[in-house]
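Welcome! Take a moment to look over the structure below, and then we will walk through some of its features together.

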Amino acid sequence: MDNASIRARLREYLTTDILRDPSYPLGDDEPLISSGLVDSFSLVDIALWVEQQFGVHLDNSELNADNFDTVAELAAYVEQRQ
Amino acid sequence: MGRTLTGRLAALTGEAPERECLRLLDAAGQPSAVLSRRRFLEGVHGAAEQLRAAGAGPRDLVVLIQRDLLTLVTTFFGASLVGAIPSILPFATEKLDPVRYREAMAALIRVAQPALIATDALVAGDVAALLDAASGPLPRTLTVEPRFVSLVGGLQHEASPEDTALLQHSSGTTGLQKGVALSHRAIFEQLDAYSAALGFTPDDVIVSWLPLYHDMGLIAGFLMPLLTGARLVLMSPFDWVRAPHLLMQAISANRGTFTWLPNFAYNFCAQKIRDRDLEGVDLSSMRAFINCSEPVYDASHRLFAERFEPYGVGLDRLAVCYAMAETVFAVTQTPVGEPAPVDVVDRASLRGENFARPATGDAPAERIVSCGRPIPGMEVRVLGEDRTPLPDRHVGEIAVRSSYMLSEYYRRPDATEAAFCDGWYLTGDLGYMAEGEVYVLGRKKDLLIVGGKNIYPQDLEALASAVEGVHPGRVAVFGVPNPQTGTEDAGLVAEVDTDDEAAQNEIRAAIRRAVAAGSDVSLRHVWLVPRGWLIKTSSGKVARSANRDKLLAEMGE
């Protein structure tokens, strides 16, 4: 899957399942964790979903604001591990 | 043995100085510190020296804003050693809006007048930057570092049992203005009563990730083990929420016997821990997982027991406690080693008549989990609207009375006065009693409990009111129970003028950002409604529960 498709899947998942607001205009470079938009309780959900959707290994401890704070950063990681 | 916080620590250290009392875990679940009683007390003396040098003394309020666990636990007792009154506050996270944090701190400083704010190397810069821009007189700040010194006399202030030992605050601008003041005597009476209810002994091992600024973490997950000679294994809530399996691995590695959790954590652990993270884990040492601090869902217990049965935890290991800061901690407790009783009641009768009639036949029923019976020395009553006691199974406000209560809301005689009625503390919780068991249904007031945290709706409403396009004051925040997560979701409804879809989307996004940045929660639902939609009370205030009911009815939920 190419980077643009991964980003599209991530945006759809995040706005629908995590933000519960499909109309939310989520930008690829918008901070998710450091802004508090995604609360810490949702991080494990995101890690589990990414593992299952893209077949990559992502430990809970990896998902933090230093590593992946945006859709673009998370997509780049998934692409690299696929 | 000593009946003051540090008097007891010293007595326990004298009895068995080399016995382990505290183990701190890092983000990977590895021990970052393993402390004997003697070593811990040396750390307490090290912190006390620094506090003393910074001028902290008897009856001074010392506010602790610290992220490093070792610094936090030693500073807490260090402040107590010099006779000061410690109060642990949540530290500013990176996401928190500096303006809001400053406002909340300013409110606290105005009411409680702390003498000193103790920080650590991790948060000192943030705290200084936030306070820098605040107006008015400010307390001094001190960056405490972990330091161990040999035990010498001269630091210890001899407290009397009635002296205020600590303050506990709820979070948010509103909560920070009401510090619950607890005496040494009240704390030890609670620990005696609660230990008896649990059959708790110095051989027990508590494993906890709970934050120490919350009563459940402070008392059950910190003071109880350290002051009774049991062992504590402590990790950060920030590490646990990102990796919930760390709790199970820590229980397994340390042969844990007790842990306290808010209800959402049962769902969270059952649904979000990978099999690969439970390899080799054995939870059979546990005497009880104790569900406390938000409404208990029977479904959450069942989900948890199903998931962790293969690891040694069945329903008989899932106990329930009803607790609050105002009684130091526990009010009731179900017996350890037995499944918590479940009362099956008729839904229509409960909702419509405020009467918990036992269900019969096929009528829709609700399964209400008991919080147990009052612990020794505690009395519980259920009061009607006129504040007279109600008979069994009638729903009303829960009132409690015991010898171990708060001394006062710190420097708030008005709030102290309002909280009591004929010597009974009015909890603001709704519930009923049946055959001696206490059943708690929810809050009488509009407080939300999201993931175990108390959230004052007015704090979130103020944040949303500041968003452009929202009518200031025409906002209501309320909780929407979510059986999937086992806790409440925060929902917000706001009046706006525009019906343009793009403009509404932008306002919704702006409300989410403002609330995320300015509070401890993320909104799960944001609804925009036209001007005049919200129901107001006769005094002109937005009626939160009425608006929730109206909205959910319109949504068809």
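Predicted model: local features only at pLDDT ≥ 70, side-chain atom pairs only at ≥ 80, totals over all residues.

## A well-covered helix

In helix α15 of chain B, the buried residues are Pro457(B), Asp459(B), Leu460(B), Glu461(B), Ala462(B), Leu463(B) and Ala464(B).

## Chain B as a whole

Chain B contains 17 helices and 28 strands. Its radius of gyration is 23 Å, close to the 24 Å that the globule rule gives for 557 residues, so chain B is as compact as a globular protein of that length. The C-alpha trace spans about 70 × 55 × 55 Å along the principal axes of the chain.

Of the 557 residues in chain B, 53% are buried. Among contacts in this chain with a separation of 6 or more, 71% join residues 24 or more positions apart.

Which residues touch the most other members of the largest nonpolar core? They are Leu51(B) and Val62(B), in a core of 149 residues. Helix α8 of chain B (residues 215-228) supplies the largest share, 9 residues. Beyond its neighbours within four places in sequence, Val62(B) is in contact with residues including Leu51(B), Ala79(B), Ile85(B) and Leu116(B).

A second, separate core has 54 residues, among them Val38(A), Leu43(A), Leu58(A) and Val477(B).

## Where the chains meet

Here, 21 residues of chain A are in contact with 23 residues of chain B. The chain A side has 9 nonpolar, 8 polar and 4 charged residues.

Definitions and conventions:
Residues numbered from 1 in each chain as written. Chains lettered and ligands numbered in written order. Buried ≥ 20, exposed ≤ 12 C-beta atoms within 10 Å, placed from the backbone. Helix = DSSP H or I, 4+ residues; strand = E, 2+ residues; numbered from the N terminus. Contact = placed C-beta atoms within 7 Å. Nonpolar A, V, L, I, M, F, W, Y, C, P; charged D, E, K, R; others polar. Core = buried A, V, L, I, M, F, W, Y, C linked by C-beta atoms within 7 Å. Rg over C-alpha atoms; globule rule 2.2 N^0.38 Å.
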